[in-house]
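Hi,

Here is the structure I promised to pass on. Have a look at it first, and my notes on the sheet and its helices follow below.

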Amino acid sequence: MTPVEGRAPWWRDAVIYQVYVRSFADADGDGMGDLAGIRSRLPYIRDLGVDAIWINPFYPSPMADAGYDVADYRDVEPMFGTLDDADALLREAHELGLRVIVDLVPNHTSDQHAWFQAALAAAPGSPERARYVFRDGKGPDGAQPPNDWRSVFGGPAWQQVPDGQWYLHLFAPEQPDLDWTNPEVVAEFHSILRFWLDRGVDGFRIDVAHGLAKDPGMPDIAGRFATSGQAVEGHPHWDQDEVHEVYRGWRRVIDEYPGDRTFVAEAWVHSPERLALYVRPDELHTAFNFSFLLAPWDAKAARAAVDDSIDALSGVGAPPTWVLSNHDVVRHVTRYGGGGTGARRARAAALLMLALPGGAYVYQGEELGLPEVEDLPDEALQDPTFLRTGGQERGRDGCRVPIPWSGEEPPYGFGPSGTPWLPQPPAWAQLSVEKQEGDPESMLSLYRHALRLRRELPALGDGTLGWAPSADGVLAFRREPGFVCVVNFGPDPAPIPDELLADGEVLLASAPLDGDGTIPGDTAVWYAAS
């Protein structure tokens, strides 16, 4: 995977396929996806036309938060396989021309991590406790939490231990936060980076990249912020400026390695300008574009998300990275209205995303048009958000249901036998890879066609765009040489721009065109134009 002399780094315009390991492919029939399952489906990912895969955490974990509670950063959870399986996955992916990005979880460990177990066994004020955020409680007997911070998963963000001290957990109690002012924590993660870089990984996705630094004053939130939301300016434990020194250190580590290794940040911040700080030339390479993901199906909102992101990132020389869905949000078929309307808009959104300058992420199953599974029974739900809110919030399991590969009934080829860890709906029989592969009008065929064109057309990938005049509710932009994308966000047909009527050749459309000089509602079209 050596970079080509004179070419820009691969990550500037890569399309990366997100593999949620638990729900992608199950090789051993226990109902849970695994590394061997991913290996068996690597040819499918290659044939889709992407450049790389990002794999969610596969480290040893008690699974209090689906693997984001890491007990050992240098091994593989036995449920998913072994280190040998990880090495084989890296080798086979590289042989197929696919790069591999792994998930890194630096904000917190599992409460079963050796460091935290040592902290519990040690006394207040000890070096072992200094690796985490331990504090004395409020009140004469310390019986109240140190402040009013709330967990993202519901409830207080502090847990008391038997000797009376409290530790911070911005997520589940089983996920104690590390103290990133401690040099020992900094050195440990430099070592972890090198462990996986030495094994050949091509980069890291950084979980909760905006959360590592906390205001040392530990101020209360009440009266300052309405919620503990992650995208609020000046919040005491989100997007603190001190986090950037951590990433400067990481950048120095990764730059020691050949092959354009890369970082992508999961950073929920309040503005594109704040996001741009994470991707300055001496910090991380890219960051997920959540403003684009969160934009409703609306032309003005989409254009604002695109313009704001490109403008902010161009100031630091970083490319945008577009994303429509992931393992933490409602699948966009459902967000865009569900049913036929949602599917139609999702098809158009795919063409919009893949035509924009920069890189893109495809979440497993979005190329099949999978909707959110909204009727999972309570007893099947496993997300800590559901458990910690007493069922008031359904959590993220609906976007994590194992994907369908083949057959007419569950597990739809997900595994050789057994019951998947989350139930698959009967309607998914019509959305399987097997059903869609032979259908030129399927969502899968649309993604494959679009990704092939993206590789072939010199206008697509990294670069710039220029907006073109268009009707209300329609976005049109040009990318040179000779490419135009037009998206009709409205429900009714809209006129094709005159310049395209004259000499534009249709390359790909998300829905059939009527040939009457209009673009149907909720439709995107790619044109070759002079």
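One convention before the helix packing: axes are lines fitted to C-alpha atoms, for helices over the stretch in contact, and angles run from 0 to 180 degrees between N-to-C directions. Please also keep in mind that this is a predicted model.

Five strands make up an open sheet, paired antiparallel in the order 12-13-14-18-16. Its edges are strand 12 (466-467) and strand 16 (505-509), each of which pairs on one side only. Within the sheet, strand 13 (residues 474-479) is joined to strand 14 (residues 483-488) by six bridges in the antiparallel sense. Arg479 has Phe483 of strand 14 standing opposite.

Helix 9 (residues 299-314) lies across strands 12 and 13, at about 35 degrees to strand 13. Helix 11 (residues 339-355) lies across strands 13, 14, 16 and 18 (523-528), and runs at about 35 degrees to strand 18.

Helix 11 also has a helical partner: its axis and that of helix 14 (residues 443-456) come within 10 Å and cross at roughly 10 degrees. Angles under 35 degrees count as roughly parallel, so helix 11 is roughly parallel to helix 14. On the helix 11 side, the contact is made by Ala343, Ala346, Arg347, Ala350, Leu351 and Leu354, while helix 14 brings Met443, Leu446, Tyr447, Ala450, Leu451 and Arg454. By type, the residues of this contact are 10 nonpolar and two charged, with no polar ones.

Best wishes

Definitions and conventions: Residues are numbered from 1 along each chain as its sequence is written. This is a predicted model: local features need pLDDT of at least 70, side-chain atom pairs count only at pLDDT 80 or more; totals for chains, interfaces and linings use all residues. Side-chain values use heavy atoms; hydrogens and water are left out. Two strands pair if DSSP finds at least two bridges between them. Helices (H or I, at least four residues) and strands (E, at least two) are DSSP runs, numbered from the N terminus. Contact means heavy atoms within 4.5 Å. Angles under 35 degrees count as roughly parallel, over 145 as roughly antiparallel, 65 to 115 as roughly perpendicular and the rest as oblique. Ala, Val, Leu, Ile, Met, Phe, Trp, Tyr, Cys and Pro count as nonpolar, Asp, Glu, Lys and Arg as charged, and the others, Gly among them, as polar.
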